[in-house]
Amino acid sequence: MKTFVLMAGGTGGHLFPAMALAQELIRRGHAVELMTDHRVESYGAEFPARQIHIVPAATPSGGNPLKMAGAGFTILRGVAKAHGMLGKVRPDAVIGFGGYPTFPPFIAASLRGIPGILHEQNAVMGRANRALARFADILAMSFPATRFADQQNLEKIVTGNPVRDRVRAVAGRAYPALDDASPIRLVVTGGSQGARALSDIVPAAIALLPDALRHRLQIVQQAREEDIDRVAESYRQSRTNVELARFIPDLPERIADAHLVIGRAGASTVAELTVLGRPAILIPLPGSLDSDQKYNALNLEQGGGGWVAEQASLSPQSLATRLQELLNDPAGLRRAADAARAMGQPRAVEKLADLAEMLSGKNTTIEGRPTT
């Protein structure tokens, strides 16, 4: 049995792939502990770690010297606390999943000489991971083309982004049959909190579709609680068949049954779409520091598995035009579904676990080995 410490920022985008790896390592008989920040309380009940350690962390911010000094002091406290914790846990290897809460414990692991892997979920290498690359042995990437990765002087291996067991359970479903008269199933999702822009634009675009096409639609849409009533009213006026929810617990199954998905382009969303093999119109979240969602979406588009729609230039009219083109071309949707599936990495968690075992000293053949 080996002991692994996983390190992740306290948001779902970082914690969910870490959770998938923890489950896989535990299945293999290993011990797993987690180091993160206080935000893990939202997910802690589900994270399968032997112990969860809260480590002080801060995001360096330029402009204000006092704030920068305070962040630096917090990071140093975090390094010291993690150093002591790692001395007690004595892990065989550590795996960092990005976010600034990864920074102090990963530095501490390096000071103790513990080998480490950094996992990058997005098509743009995050700033924390870029800063930590010099302390890592291996960079595990979700996308073969990852911005800023080439600048890092360490071994790089494409593993993919681990997805939930629930996604993997329905990954083998064939693309649903679609002809010129059959119902069309559309899923609209804006991430775990929904997206107001999608609540504004999508119902208005659906209302502009020809009656014959709109009446074939069966829509499942996620929306913020404060938006549900007005979204429902918009669909009622256009006489569209819709199911609205603040949270969709069976989202993987709904996507597997869908002919087309409209959503944001977070790393987990793109990973699940490709594992399930479903085409999507992706609307990247605007305003992010390194445009990570934009590059995630462009990877899918360049592979033929989807289409990028920039929010700044998206209108109900332009979305309606795109939807009419796509929904009247069943063969084109099927080709895009096949292309999306070809990009998927359904065994990403096994590849990452193999990599962790290899680094910890266990002799394991690594799938996907080699890209440098």
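**A tour of the predicted model**

Start with the largest nonpolar core, which has 32 residues; select Ile 206, Leu 260, Ile 281 and Leu 323, the residues with the most contacts inside it. The model is predicted. Show the elements that give two or more residues to this core: strands S8 (184-189), S9 (217-222) and S11 (260-263), together with helices H6 (196-207), H8 (228-237), H12 (316-327) and H13 (330-342).

Next, centre on Ile 206. Beyond its neighbours within four places in sequence, Ile 206 is in contact with Leu 186, Arg 214, Leu 217, Ile 219, Tyr 235, Thr 240 and Leu 323. A second, separate core has 29 residues, including Val 55, Ala 58, Phe 106 and Ala 108.

Move to helix H1 (residues 12-27), where Gly 12 lies. Gly 13 is also in helix H1. The UniProt annotation "binding site", from an unreviewed entry, covers both glycines, among other positions including Thr 11 and Asn 122. Gly 12 is buried at 10% relative accessibility, whereas Gly 13 is partly exposed at 39%.

Stay in helix H1 and select Glu 24 and Arg 27, three residues apart. Their salt bridge has its closest N and O atoms 2.8 Å apart. Glu 24 is buried, at 9%, while Arg 27 is partly exposed, at 46%.

To see the network of salt bridges, select Glu 24, Arg 27, Arg 28, Asp 165, Asp 354 and Glu 357.

Finish in helix H8 with Arg 236 and Glu 233, whose side chains meet in a salt bridge of 2.7 Å, N to O.

Terms used. Residues are numbered from 1 along each chain as its sequence is written. This is a predicted model: local features need pLDDT of at least 70, side-chain atom pairs count only at pLDDT 80 or more; totals for chains, interfaces and linings use all residues. Side-chain values use heavy atoms; hydrogens and water are left out. A nonpolar core is a set of buried Ala, Val, Leu, Ile, Met, Phe, Trp, Tyr and Cys residues joined through side-chain atoms within 4.5 Å. Buried means under 20% relative accessible area, exposed over 50%, partly exposed in between (1.4 Å probe, protein chains only). Helices (H or I, at least four residues) and strands (E, at least two) are DSSP runs, numbered from the N terminus. Contact means heavy atoms within 4.5 Å. UniProt positions are given in the numbering used here, feature names are shortened, and annotations may be inferred rather than shown by experiment. A salt bridge is a side-chain nitrogen of Lys or Arg within 4 Å of a carboxyl oxygen of Asp or Glu.
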